[in-house]
Amino acid sequence: MGIIAWVLIGLLAGAIAKALMPGKDPGGCLVTMLIGIIGGLLGGWLGKVIFGVESINGFFHLSTWIAAIIGSVIVLVIYRVTIGRNQRH
């Protein structure tokens with residue numbers, strides 16, 4: 001149940017991360033959703049490891065959403081750096 005919650009949060013967090021970091025990205029909506037899901041899972045994992053927050057108990061807490069958005073921004077930055085480097089060659 002915790003992973004499903006992070007996937008749902010990740011979908012929204014990906015859209016928020018994209019809004020926070022506008023720019024052209026290859027892919028589109030599907031890539032943004034995948035980045036959000038991966039970022040949400042990353043944020044959930046980091047929140048659990050660093051702060052000891054359980055994802056199932058904190059679905060509606062602000063810290064859970066912030067962690068998911070930060071995770072999505074991290075994944076988006078990594079994606080842009082990786083894809084940008086590949087497109088220049």
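Which residues form a nonpolar patch on the surface? They are Ile 4, Leu 8, Leu 11, Leu 30, Met 33, Leu 34 and Ile 38, with about 640 Å² of accessible area together. Patch residues have over 30% relative accessible area and no salt bridge, and nonpolar side chains (Val, Leu, Ile, Met, Phe, Trp, Tyr) are joined within 5 Å. A salt bridge is a side-chain nitrogen of Lys or Arg within 4 Å of a carboxyl oxygen of Asp or Glu. Areas come from the Shrake-Rupley method with a 1.4 Å probe.

This is a predicted model; local features need pLDDT of at least 70, and side-chain atom pairs count only at pLDDT 80 or more. Residues are numbered from 1 along each chain.

Helix H1 (2-20) and H2 each supply at least two patch residues. H2 gives the largest share, 4 residues. Helices are DSSP runs (H or I, at least four residues), numbered from the N terminus.

H2 covers residues 29-51. Its 23 residues should span 33 Å at 1.5 Å a residue, and its end C-alpha atoms are 31 Å apart, which agrees. The expected span is 1.5 Å times one less than the number of residues. The buried residues of H2 (under 20% relative accessible area) include Ile 35, Gly 36, Gly 39 and Gly 40. Just after H2, Gly 52 takes a positive phi of about 70 degrees.

| Residue | State | Relative accessible area |
|---|---|---|
| Leu 11 | partly exposed | 33% |
| Ser 72 | buried | 0% |

Leu 11 is in H1. Ser 72 sits in helix H3 (residues 62-88). Beyond its neighbours within four places in sequence, Ser 72 is in contact (heavy atoms within 4.5 Å) with Ala 13, Gly 14, Ala 17, Ile 35, Gly 36, Gly 39 and Gly 40.

Note on methods. Side-chain values use heavy atoms; hydrogens and water are left out. Buried means under 20% relative accessible area, exposed over 50%, partly exposed in between (1.4 Å probe, protein chains only). Patches are made of residues with over 30% relative accessible area and no salt bridge: like charges are joined within 9 Å, nonpolar side chains (Val, Leu, Ile, Met, Phe, Trp, Tyr) within 5 Å.
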